[in-house]
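Walk me through this structure, please. Start with the charged contacts, then move to the rings, the core and the surface.

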Amino acid sequence: MPEERVFKTLNGLGFSDIEAQIYIFLSKKGLKKGRDISLALKLNKQQLYPSLKNLQNKGIVSVTLEHPAHFSAIPFEKVLDLYLKTKMEVVKRIQQSKDQILNDWQSIVIGMTDDSSEKFMVFEGKTHCFY
């Protein structure tokens with residue numbers, strides 16, 4: 001199903017399930033009040049508003065200044081472009097600092113610990129016989 005693929009894509013981009021539902025709803029239905037979103041998606045205020053805030057912080061959802069506030073989502077193409085750009089910047093930073101990261105990795109030394117404390121194991125389920 002196309003909706004499932006889009007939903008999975010949004011999850012892969014870091015959207016929670018609720019954020020993905022809200023984004024899909026807003027991007028397809030346009031400007032909506034929080035109450036309308038809540039009723040359509042069967043979400044309570046404690047689920048809806050923190051998720052809307054997270055989407056706003058990511059630049060995915062915008063809100064009007066009127067009361068009650070109305071919410072809208074940026075187009076899906078822009079969401080993909082935004083995340084592609086972000087991921088490419090992360091890759092570029094890692095590539096630029098790869099040598100330093102590998103040097104840091106090589107310099108980590110873990111000392112040997114003398115763990116001579118007694119241990120036991122608990123087996124659950126069927127009776128275990130050891131010969």
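The count of salt bridges comes to one, a salt bridge being a side-chain nitrogen of Lys or Arg within 4 Å of a carboxyl oxygen of Asp or Glu. Side chains of opposite charge can pair when their charged atoms come close. Here the partners are Glu19 and Lys58, and their closest N and O atoms are 3.1 Å apart. The pair links distant parts of the chain, 39 residues apart. Glu19 sits in helix α2, and Lys58 in the loop between α4 and β2 (61-63). Helices (H or I, at least four residues) and strands (E, at least two) are DSSP runs, numbered from the N terminus.

This is a predicted model, in which local features need pLDDT of at least 70 and side-chain atom pairs count only at pLDDT 80 or more, while totals for chains, interfaces and linings use all residues. Residues are numbered from 1 along each chain as its sequence is written, and side-chain values use heavy atoms, with hydrogens and water left out.

Lys58 has 29%, so it is partly exposed. The cut-offs are these: buried is under 20% relative accessible area, exposed is over 50%, and partly exposed is in between (1.4 Å probe, protein chains only).

Lys58 has another contact. Its charged end sits over the ring of Phe15, 5.0 Å from the centre. That label needs NZ of Lys or CZ of Arg within 6 Å of the ring centre and within 35 degrees of the ring normal.

Phe15 leads on to the aromatic residues. The structure holds four aromatic pairs. Why is Phe15 with Tyr23 called edge-to-face? Their ring centres are 6.0 Å apart and their planes stand at 70 degrees, so the pair gets that name. Rings of Phe, Tyr and Trp (its six-membered ring) pair if their centres lie within 6.5 Å; planes under 30 degrees apart are stacked, over 60 edge-to-face, and the rest tilted. Both Phe15 and Tyr23 are buried. Together with Phe76 and Tyr83 they form one aromatic cluster.

Phe15 also belongs to the largest nonpolar core, which has 19 residues. A nonpolar core is a set of buried Ala, Val, Leu, Ile, Met, Phe, Trp, Tyr and Cys residues joined through side-chain atoms within 4.5 Å. Among those with the most contacts inside it are Phe15, Ile22, Leu26 and Val79. Two or more residues come from each of α2 (17-29), α4 (45-57) and α5. Helix α2 gives the largest share, six residues.

Ser16 lies in the loop between α1 (2-12) and α2. Its relative accessibility is 31%, so Ser16 counts as partly exposed.

Now the backbone. Most residues other than glycine have a negative phi, and most peptide bonds are trans. Lys42 has a positive phi, near 55 degrees. Lys42 is placed in the loop between α3 (34-41) and α4. With a relative accessible area of 72%, Lys42 is exposed. A cis peptide bond joins His67 and Pro68, with omega about -5 degrees. Pro68 lies in the loop between β2 and β3 (70-73).

Last, Ile94. This residue is in helix α5 (residues 76-96). Ile94 is partly exposed, with a relative accessible area of 48%.
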